[in-house]
Amino acid sequence: MKIKLGDYNTLTIVKTVDFGLYLDGGDEGEILLPARYVPKDAKIGDQLEVFIYLDQDERPVATTQKPIAKVGDFAWLEVAWVNEYGAFLNWGLMKDLFCPFREQKMRMQKGQYYLVYITIDEESYRLMATAKVDKYLFPTNDEIKQTPYHVYKHGDEVEVLVWQKTDLGFKVIVDNKYQGLIYEGQIFQSLHSGDRLKAYIDHVRQDNKIDLTLQPTGRRQTEEFSDVLLHYLQENGGHCDLGDKSPSELIQDRFKVSKKVYKKAIGDLYRRRLITIADDGITLV
């Protein structure tokens, strides 16, 4: 059995001591789970899911705490402290995650947040963070099936981590693998670096650049917002003073959707004979 450092492992309890439990770490030998993390009624022979990292002496140690991210993840982390070797990031465990100066794009500052990738230093076999995230974004090899052009289609739902603001919109990390962009014109809500949220594939170009939207696309988007608009009418006396000729800014401010989506939803509710349309807005039948 080989331990996955910086990741979750299911290990068997082999020994109990005053200061915790020892778990069967296979090739790594016995691994300590300190007493503060021992589940109630745990006994020899039980299997526990634990996270394995390195203690202050660089020895594998187990915890039942769940860090913000694990090896292979991109994460938005805060700098807890800095010394002459680099920065130490808070990732939810007692021991902070090290980011050496050579892995920083700019000198990290205490209290500031940065997008990093969590990996294992090949030379020292220590866990570390790197702010040079571009080299870990796919496609990083020639495996054609892993490229977004062959993975996604229009309308697919994905998870994104907001990276940084640009002149065009926001750069994001898609499904912890790919770089994408949400254009300014597709954003109808506040976004901040570090936000994690759902998004939808708008277009994947043959050069593997991904354009995304925060709203469902096509018929699904219309159906979902139609339900939102119907609920709004039911909760507001059966009337909305915004019609299909209202300014797009007012629609975006109130409903966080484009005027195009709003007009389609009005049409959908009208065809279902649920509303009437007038100059002063729309009204429930």
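This is a predicted model: local features need pLDDT of at least 70, side-chain atom pairs count only at pLDDT 80 or more; totals for chains, interfaces and linings use all residues.

Modeller: Residues are numbered from 1 along each chain as its sequence is written, and side-chain values use heavy atoms, with hydrogens and water left out.

Biologist: Why is C99 called buried?

Modeller: Buried means under 20% relative accessible area, exposed means over 50%, and partly exposed lies in between, with a 1.4 Å probe and protein chains only. C99 has a relative accessible area of 0%, so C99 is buried, and C240 also counts as buried because its relative accessibility is 1%.

Biologist: How many disulfides does the structure hold, and what makes a pair count as one?

Modeller: A disulfide is a pair of cysteine sulfur atoms within 2.5 Å, and the structure holds 0 disulfides.

Biologist: What makes a group of residues a nonpolar core, and which residues have the most contacts inside the largest one?

Modeller: A nonpolar core is a set of buried Ala, Val, Leu, Ile, Met, Phe, Trp, Tyr and Cys residues joined through side-chain atoms within 4.5 Å. The largest such core has 34 residues, and L89, W91 and M108 have the most contacts inside it. Its largest share, 6 residues, comes from strand β4 (residues 47-54), where strands (E, at least two residues) and helices (H or I, at least four) are DSSP runs numbered from the N terminus. Apart from this core lies another, of 18 residues, among them V172, I187, L191 and I210.

Biologist: With which residues is M108 in contact?

Modeller: Contact means heavy atoms within 4.5 Å. Leaving aside neighbours within four places in sequence, M108 is in contact with V79, V82, A87, L89, C99, Y114, V116 and A131.

Biologist: Why is the pair K66 and E49 called a salt bridge?

Modeller: A salt bridge is a side-chain nitrogen of Lys or Arg within 4 Å of a carboxyl oxygen of Asp or Glu. The closest N and O atoms of K66 and E49 are 3.9 Å apart, and the two residues form a salt bridge; both K66 and E49 are exposed. The structure holds 17 salt bridges, and D55, D57 and R59 are linked in a network of them.

Biologist: What does the salt bridge between D134 and K105 tie together?

Modeller: The side chains of D134 and K105 meet at 2.9 Å, N to O. D134 lies in the loop between β10 (127-130) and α1 (148-151) and K105 in the loop between β8 (97-100) and β9 (113-120), so the pair ties together parts that are 29 residues apart in sequence. D134 counts as partly exposed because its relative accessibility is 39%, whereas K105, at 52%, counts as exposed.

Biologist: How do you know that E157 is partly exposed, and with which residue does E157 form a salt bridge?

Modeller: E157 has 36% relative accessibility and therefore counts as partly exposed. E157 forms a salt bridge with K198, the closest N and O atoms being 3.6 Å apart.

Biologist: Which residues lie nearest the centre of the largest pocket?

Modeller: Of the 18 residues that line the largest pocket, E58, K95, F98, R126 and L127 lie nearest its centre. On a 1 Å grid over the protein atoms alone, a pocket is an open set of points where a 1.4 Å probe fits, with protein on both sides within 12 Å along at least five of seven lines, and lining residues have an atom within 4 Å of a point. The largest share of this lining, 3 residues, comes from β8.
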